Amino acid sequence: DDQIERERASQCLPGGCCALAAVYLMGKFYVANAGDSRAIIIRNGEIIPMSREFTPETERQRLQFLAFLRPELLGKEFTHLEFPRRIQPKELGKKMLYRDQNMNGWAYKKIEEDDLKFPLIYGEGKKARVMATIGVTRGLGDHDLKVFSSNIHIKPFLSCFPEVRVYDLTQYEHCPDDVLVLGTDGLWDVTNDKEVAGVVMEVLTSYEPNDPCRYTMVAQELVVRSRGVLKERGWRLANDKLGSGDDISVFVIPLGGPGNYT
């Protein structure tokens, strides 16, 4: 992340990206995630999460705590407190539910002038944004990202530090159908873990266990199904819901050797 910052001027590389990495070392898989990509292991039909997404909702308390410690980062335009909805001026003096960086649940407070500011985290689910700008809270780059029509930098709230999970391959006897799936959010926005596992098993069983292309075909099928089919109303999935409009990158990595399977 520091290197991207140093080179952004000379290389003319604005913007940023998420990062998901899997490293095999001495019998263990180390999966590091910074962003909203996802990794899962499918072993004997069981789904084992190897990452979690970093969004304004999942990192609410970290973001609020930083804003609490350094209120100058909010540019006098935002409040670090969260409310169920935007506060209206006519509600000054009334009580409303809120939560801060120390709270998992909600409590009541009397609405003050500062509470009328725009919330640090606004929206829910995939629509949640930090300072109404970005929906991912970890990744690389974005050093020049600012709130629209302002001089407020968002980078201080974005972390480049990944969460690392470890999977010990030596603890289990893996077969050729056991895999590690890495995918960008374009896959997971429209496909859940169970559906991905279903596609994995469906495609793998249609190929011989010793056929090395079977894993490539699984990745390809996951991409195709997530994008959908182009119809009059846009890209549609098999259930007629909208397909993914984001980039879709998928890796399928076998955990077991070919062996002699029938």
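Select Val196. Val196 touches Ile40, Val181, Leu187, Trp188, Thr191 and Leu222, leaving aside residues up to four places away in sequence. Contact here means heavy atoms within 4.5 Å. Residues are numbered from 1 along each chain as its sequence is written. The model is predicted, so local features need pLDDT of at least 70, side-chain atom pairs count only at pLDDT 80 or more, totals for chains, interfaces and linings use all residues, and side-chain values use heavy atoms, without hydrogens and water.

Next, select Val179, Val181, Val196, Val200, Leu222, Val250 and Val252. These have the most contacts inside the largest nonpolar core, which has 19 residues. A nonpolar core is a set of buried Ala, Val, Leu, Ile, Met, Phe, Trp, Tyr and Cys residues joined through side-chain atoms within 4.5 Å. Buried means under 20% relative accessible area (1.4 Å probe, protein chains only). Color α4 (193–204) and α5 (214–227): each supplies at least two residues of this core. The largest share, six residues, comes from α4. Helices (H or I, at least four residues) and strands (E, at least two) are DSSP runs, numbered from the N terminus.

Now show the open sheet. Its four strands run in the order β5-β4-β14-β17, with antiparallel pairing. Strands pair if DSSP finds at least two bridges between them. At the edges are β5 (46–49) and β17, each pairing on one side only.

Zoom in on β4 and β14. Five bridges join them. Pick Ala39: its bridge partner in β14 is Leu182.

Finally, bring back the helices. α4 packs on the sheet, touching β4, β5 and β14. α5 packs there too, touching β14 and β17.

Methods
Buried < 20%, exposed > 50% of the residue type's maximum accessible area, 1.4 Å probe, protein only. Axes fitted to C-alpha atoms, helices over the stretch in contact; angles between N-to-C directions.
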